[in-house]
Amino acid sequence: MRRPCPPLQVAGGLFSGVKPADVDTDTLDEAALMNVVGGDRKLAGELAQLFLDDLDNRVAEITSSAVEARQVDRLRAAAHALRGSAGSLRAGNVRDASDALESIASSGSLEGATHALNALDLALASLRPRLVKMTGRA
C-alpha cells in the first residue's frame, strides 16, 4: 500500500528526482532509515548488506520451523529475530509479516502460518531489490 507523503528532504539527496507518490514507505522507509543513521548513506548501505547477508538463513529457519519441523518455539524465535532486523531497517511489510508469524507461533498453533509465510515472501520480494540498490551493488 502506498501512502501519500510530503516531499522529502534527506541528507545526501537520497530521493532527488523522486516524486512522493513513487515512495513506498511500507516496503522500506528510506527517509526514516536515513534519519536513524544520521544521513550516512554508506552506513545505511552497510546495514542493508548485513540484513541481506543474514536473510536467507533467517528465512530458511522460519520456513523449516513452520513447515517442516512444525516447531512453534523455533518459529517464534526466528520470526522475532527477523522482525527486529526489519524494524531496524524500517522495512515495514517484512516487519509486519514477521510479527504475524511470531504471533501465530506464540499462540501455540501454526494455523495461518502458510498465509503469513506467503505475505513474508511477497514483502521480501519487494524489499530485496531496494536493499541491493542501497548497497551500491545493483
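**View 1. Helix 4 and the residue that follows.** G108, with a positive phi near 90°, comes after helix 4. This is a predicted model, in which local features need pLDDT of at least 70, side-chain atom pairs count only at pLDDT 80 or more, and totals for chains, interfaces and linings use all residues. Residues are numbered from 1 along each chain as its sequence is written, and side-chain values use heavy atoms, with hydrogens and water left out. Helices are DSSP runs (H or I, at least four residues) numbered from the N terminus. Helix 4 covers residues 92–106, and its end C-alpha atoms are 20 Å apart, which agrees with the 21 Å that its 15 residues should span at 1.5 Å a residue. That expected span is 1.5 Å times one less than the number of residues.

**View 2. The buried side of helix 4.** Buried residues (under 20% relative accessible area, 1.4 Å probe, protein chains only; exposed is over 50%, partly exposed in between) of helix 4 include V94, L101, E102 and I104. The buried residues of this helix pack against helix 2, helix 3 (72–89) and helix 5 (113–135).

View 3. T27 is in the segment before helix 1 (30–36). Its relative accessible area is 3%, so T27 is buried. Apart from neighbours within four places in sequence, T27 has contacts (heavy atoms within 4.5 Å) with R90, A91, G92, N93, S126, L127 and R130.

**View 4. L43 on helix 2.** L43 is located in helix 2 (residues 41–68). L43 counts as partly exposed because its relative accessibility is 33%.

Methods: Helix = DSSP H or I, 4+ residues; strand = E, 2+ residues; numbered from the N terminus.
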